[in-house]
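Thanks for coming. I will talk through one structure today, and I will keep to the plain points.

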Amino acid sequence: MQEPRQINAHPTEPPDAPAAQAQDAIIRVTGLTNRFGSQTVHEDLDLEVRRGEILGVVGGSGSGKSVLMRSILGLREPDAGQIQVLDTDARSRKREDRLNIERNTGVLFQDGALFSSLSVGENVQVPLKEHYSQLPDSWRYELALLKVKLAGLPADALYKLPSQLSGGMRKRAGLARALALDPPLLFLDEPTAGLDPIGAAAFDRLIKTLQEALGLTVFLITHDLDTLYAICDRVAVLADRKVVATAPIAEIEQLDHPWVQEYFHGPRARAARDSQAAYPRTAENKA
Amino acid sequence: MNPTDNRPRLEPEADDPTRVRLHGQWTLATALEVAERLREVPDEVMELDATGISRIDSAGALQLLRYVKRRGMSIGEVAFRDEHRALVSTIEDVADDRPKGKRDYGFVAALARLGYQVQDNGKEIVALLSFTGENLVKMLRILRDPRRLRVTATVYHMEQVGLDAVPLVILLSYLVGAVIAFLGSTILRDFGAEIFVVELVSIAFLREFAVLLTAIVLAGRTASAFTAQIGAMKAREEIDAIRTLGLDPIELLVIPRVLALLITLPLLTFVAMMAGLAGGVTVGAFDLGIPPQMYLARMQETIEIRDFFVGMSKAPVFALVIGLIGCLEGLQVEGTAQSVGERTTSSVVQTISLVIILDAIAALWFMQMGW
């Protein structure tokens, strides 16, 4: 439903820069404030996610990355501020607004958050059943199988229970469920946490491949420097209760902020950057 | 923009009947219409042009792929917009023929399920017996080396299991005692033998009802709690952590709970006896015209201490049954929320049935022995 407007947007005259950005933003957060009791997590926070990008969100533990995601998804009522998701007010409680957001976003929680009593296939079919109950069972099954294979799992994983899967497979199954409705907007909460380096690199590649193939916009919370260097178009840094900067990673590295300096210039960051320079992962994507 | 533009449409090419242009949105939301449009494609069409499609997702792409395959065409011959090509080729890579569901139905499958069930029950019985043995051995070891006993945990569970259940046990026993007295009096009144209500209530409560009621209350209240507590710990690998730290989960978790039950269930049984007798006294005083002094005197004449001991002797057995089954089911939980629920149900069902079965066997035994 976004497509027609985009096609129609001033086809001849070149749009001025701010207007183009306004058109581009798929998520816009302005003046967000979140408090837990006397503790303020976010204060007057602004953030913009552009259509078609992978935005990495980084920040120290307790800097409110997950709270930000929960606010955008409407899982948490913020204390102040505006949140626009897919041209809908995320704080709205109207049924059609909620449906618009629910149908057009997919979320991968940490460790998958699969329903433990359902098989992987049933897990993936849950959103399809809820939102498109008019489809015949066999179609839902077929779409679930497709999503499971897209997420890089073998077809027989469809019948397995989440408890029978490894941590990495559970994340892939969670991703399959997040993709069930073909949402244009995908939220990933620390997708590579708890995976071994090989599994993490494979998962990074999977996200990038899917993002390119399905034209996704990805809001990606991570601690993983490799992920930031490998697949993120821009990086947003959460510190001091705000987003202190949103820019491509090369610019963020140069930022004069104590936390950023420590984060991007520690020994681990250097290793991640070096490996990226040696083996650019975009080349592997094409392969 | 025209609202019907979002619907999937076919547009036959005017000059070439073998070509069709596809329009609109081919997505999950329009999936049923997409199927209908694809059925409407005339048979002579040999070429599809999908560049008119404004939006396509994996559901739309999958249908298009299936159609193309059914008609013996190649998806490579279908023209797509550049921005859709990546999606279509990705879907093509992973899509293949629908595999069959693999659930079996029918007589053989039912027979197999029955067999598995019987086998599982057999295993359960063996597990319970060996678990009982393991616990007894470990209790003996604690007896030899009393420092191994977790006193704090035991006292904590005594409070949870025993003290907190006192109001409930008193209420239920008092009411059941009163009901038995009413029931007895309506029948005995016809014979003018209302005074026998005293024996009826006293013997019933001392020998059977006090201990049975208490055990059933604790089976519902405590066995389920034990299973859920230990099951949640099992699901979060806490039991494994206990083992790797060189501790014994039986000594740490099971014995304090079983011991707490062994101590408090007889005490609660005593409380239940008193409450039940009080119920009988109340009904006697207000409904049957038997003053409390007379009621108690009659009790002293007719009731033997043996009745009290017969009732009490069953309390430790029931305590063991409730404690051991509750803990064993908890230890058999397998990591999912579903499993915790199943095991909790199973522990309550098992304890209540086993308590009643054992009580019936005991009643027969005591009757035959003339006790």
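Before the first point, a word on how an angle between helices is taken: an axis is a line fitted to C-alpha atoms, over the stretch in contact, and the angle runs from 0 to 180 degrees between N-to-C directions. Keep in mind that this is a predicted model.

Now to chain B. Helix 4 (residues 107-144) of chain B packs against helix 9 (residues 249-288) of chain B at an angle of about 90°, and their axes are 11 Å apart. Angles of 65 to 115 degrees count as roughly perpendicular, and helix 4 and helix 9 of chain B are therefore roughly perpendicular to each other. Which residues make the contact? From helix 4 of chain B they are Glu134(B), Asn135(B), Lys138(B), Met139(B) and Ile142(B). Helix 9 of chain B contributes Ile250(B), Glu251(B), Val254(B), Ile255(B) and Val258(B). Sorted by class, this contact has six nonpolar, one polar and three charged residues.

Next, the sheet in chain A. Six strands form an open sheet in the order 6-7-8-3-9-10, and the pairing is mixed. At the edges stand strand 6 (105-108) and strand 10 (242-247) of chain A; each has a single partner strand, so one side of each is left without a neighbour in the sheet. Neighbouring strands of this sheet are turned by 15° against each other on average, direction ignored.

Let us look at strand 3 of chain A. With strand 8 (residues 217-221) of chain A, strand 3 pairs in the parallel sense over four bridges; here Ile54(A) stands opposite Val218(A). Strand 3 (residues 54-59) also runs parallel to strand 9 (residues 234-239) of chain A, and five bridges join the two. Across that pairing, Val57(A) stands opposite Ala236(A), and Gly59(A) has Leu238(A) as its bridge partner.

In general, side chains in a regular strand alternate between the two faces of the sheet. In strand 3 of chain A, Ile54(A), Gly56(A) and Val58(A) point one way, while Leu55(A), Val57(A) and Gly59(A) point the other way. Are these residues buried or exposed? All are buried. Six of the six residues of strand 3 of chain A are buried, so the strand is largely enclosed by the rest of the structure.

Last, helix 3 (residues 65-72) of chain A. Its buried residues are Lys65(A), Leu68(A), Met69(A), Ser71(A) and Ile72(A). Seen down the axis of helix 3 of chain A, they fall within an arc of 160°, so they line one face of the helix. After helix 3 of chain A comes Gly74(A), with a positive phi near 80°.

Technical notes. Residues numbered from 1 in each chain as written. Chains lettered and ligands numbered in written order. Predicted model: local features only at pLDDT ≥ 70, side-chain atom pairs only at ≥ 80, totals over all residues. Pairing = 2+ DSSP bridges. Buried ≥ 20, exposed ≤ 12 C-beta atoms within 10 Å, placed from the backbone. Arc of directions from axis to C-beta. Parallel < 35°, antiparallel > 145°, perpendicular 65-115°, else oblique. Contact = placed C-beta atoms within 7 Å. Nonpolar A, V, L, I, M, F, W, Y, C, P; charged D, E, K, R; others polar.
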